[in-house]
Amino acid sequence: MTYPLLFPRGECSWNTGMEHVEERRTAKRTRVTQLQCYAYRLSQRNGFSILHNSGKLFQQYIIDAYVKTEGSRLHFLRQNQKDLRIELYRGLLDALECRAHNENIRTGKLIIMPSSFQESPRHMQQNYQDAMAMVRKFGKPDLFLMFTYNPSWSEILNSMEGVQRPEERPDIIARVFNMKLKELLEDICKHGIFGTVLAFIYLIEFQKRGLPHAHILPTLDSESKIRTKDDIDKFVSAELPDTCNELRLFRIVTKCMVHGQCGTININSPCMRDGQCCKSFPKQFKDDTEENVNGNPIYRRRATEPVQVGNYSIDNRWLVPYNPWLLKKFNAHINVEVCSSVKSVKYLYKYVYKGHDAASVKIQKEGALDHDEILSFVGDGQEAQAIERAALRKTTLTSWFELNKNDPSAHNISYSDIPQYYVFDKSTTNWKKRQRGGQNVIGRLPVVSILDTERFYLRMLLLHKSGAISFDDILTVNGLRCITFQQACQEYGLLRGDQQWHDALNEAAQFQSPRQLRMLFAMICGFGEMEDVPDLWVQHQVSLCEDFVHRYSEQTGPHYELADIEELFTSYNLSLQKLHLPTVDLPASVLERAHLMLWKSRLRLIVMLCS
C-alpha cells in the first residue's frame, strides 16, 4: 500500500512463501528471494511500464527495495549467529572480556557481521589484505585508472522514453556502465593495450549524485613495465589534442577531462581547501615529462594558446591525465595515472578499499558491554556453543593435518602455500588436489597480534614448518614435546635475538598503515623482550614515519613519528629516553594538529571522490 500509483491493482509484493514456478529441476532454491523478486520487477519489457516511468517515485522504490533486501540479510545474520564460525573471532571475545573486566561491567551480546557481507568493514579489510598479498607476489601496480560513466552515452539516451532524463533511470545507467566496464577490463587485461597484465583489482562505487565509477589497479609484467618518460608519454597525455587532426578527441577531452575552474577564478569550488586547490590545479607548464618527483611522475604540459570552453578559457594546466585511445573508444571520464614509482603503494589500496561514507550511531544499555556489528553497520552470545562446535568440526588447519597424514606429496608444502596446490572442499571439509594450474593462487595467513602470544607463535611455526600432522607434531622438536608454541619456536631457532620482531614489522609493513605500525612497534617494545630497540627503530624508520613524510617532509617526518611513539609508550610505562631512542621536543598541540591534518586529508579524499 506504500505505492498505490505504481501498483493500482494491489499486486502482491515479495513474501516468504513465494515459490519458483519455472525450472524447478535446475533451480538451486525452492523459494524466491527478495533480490530475485525485485530484479524481476526492475527488468525492462516491451510495452509501457508505470514503474519505469514514475520518475523520482521509481528511485524511491529502488531505494526501499535495496534497504529491505539488505535489512533481510542483516536479520538473517543476527538470527543465525550460532551457525556462524564465531570461534574464529576468539581474539575479539578476549578483548571484550578484558575491557568488561577493566570497566567492571558484564559482557553482553556478541553479534558478528562476517566478511561474506558485501561492503562491511571486515569485507573491505579482507579485500585490502588480499590485494596486498598480490603486491607481495606480483609487485606494485603500474597504473591507476578511474572510469566514470557518461550520461550522454548513446546506449543510455536511446533507452529513454518520452521526456525521461538519464538520472530518472538508475537501472539503465547501472546496466550500461557494467557493460562498458567489462569491455574496458577486457581491453586492459585480455587485449593488453598497456601490455601484459599479471594481476589487477577493481572496485565500483557510486558518487553522491548517483554516478557510478570504478577504480582499477593493474600490475604489468617485467617486459611491459612503464620505466622511462617515453613510456609514460606513450600511454598518458595531459595536453589538449590538435583540433585539425583530432577534432573528436579534442571535444571529448574538453568535455570530460578538464578540471573545474578553481583558485582565484572560483574560490567556492568544491576542491578548494584553505584557499588552495586540493588537487594542485592549475598545474605548472612542463616541456618534458619528469619520471619521478617525490614518487610521482610530472606529466608533460607544454605552454600553448588557451582555448575557450563554455564561459572559461583553459590550457594544458587544467587537464586531468588521460589515455587518448581509451577516451576515443569510451567517450567518458577515464583518469589514467602512472603509479609504478609511487612509494606509498598502501595508500592506493587504502583509497580504493576505504568503503562508502557512513555514519554510525551506538545505543547501549547501562551496565553491559555489547558488541553488535550489525547495529554499528545500520545505525545472548553463543560463545560456549561455538567452542563446542569448533572441537567437533574440522577447520582448514585440522584438515591440513589430515592431508599430511594421507598424502606424502603434501609434506614439503607449508600451510600458507597449500592453496596453490590444493583446494578446500567446504562440503567435505577436506583438501583436494587441484585439477588445474594454481600458479596464480595466492595463500595468506591472517594477521595475529603479538598480545595473543600463543596464536602469534603458532602462526610463526605454520609459516616455516611443513608436513605437520597434529598440534602435538608442531610442538615436538627433536623428539621432545614443548609445552608452548613459543618454546617450540625457540627450539626451532626461529627466535634468534630480535629477528622475529624484524620479520613481524616487515610483514606488517606490507599492508598496515604507518599509524598501525607504530602501535605494533610500541607493543613489541612493551611485551616483546627486545634486545636492541634502537636498531629495530632504525631499520624500520622509513615505514614508521611514511605518513608524516607524505604530509610534511623527509626532514620533519621522523620527528612527528617519534612524538607519536612517545605518546603510545605511555600505555606501557615506557619512554623514548628509557629505550635509548632519539628524543624530540614537539608541543602536544603540534602533534594533535598533525593527527587532525592526517584525518582531514583522508576525509578530503573521500569528499573529492564523491563530489
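## Strand S2 and its partners

Two strands pair if DSSP finds at least two bridges between them, and strands themselves are DSSP runs (E, at least two residues; helices are H or I, at least four), numbered from the N terminus. By that rule, S2 and strand S4 (residues 212–220) pair in the antiparallel sense over four bridges, with Ile-216 of S4 as the bridge partner of Leu-145. S2 also runs antiparallel to strand S11 (residues 333–338), joined by six bridges; there, Phe-144 has Glu-337 as its bridge partner.

This is a predicted model: local features need pLDDT of at least 70, side-chain atom pairs count only at pLDDT 80 or more, and totals for chains, interfaces and linings use all residues. Residues are numbered from 1 along each chain as its sequence is written, and side-chain values use heavy atoms, leaving out hydrogens and water.

## How covered is S2?

In strand S2 (residues 143–148), six of six residues are buried (under 20% relative accessible area, with a 1.4 Å probe and protein chains only; exposed is over 50%, partly exposed in between). Leu-143, Leu-145 and Phe-147 cover one side, while Phe-144, Met-146 and Thr-148 lie on the other, all of them buried.

## A buried loop threonine

Have a look at Thr-429, in the loop between strand S13 (422–425) and strand S14 (430–433). Thr-429 counts as buried because its relative accessibility is 19%. Leaving aside residues up to four places away in sequence, Thr-429 touches Lys-394, Ser-399 and Phe-424 (contact means heavy atoms within 4.5 Å).
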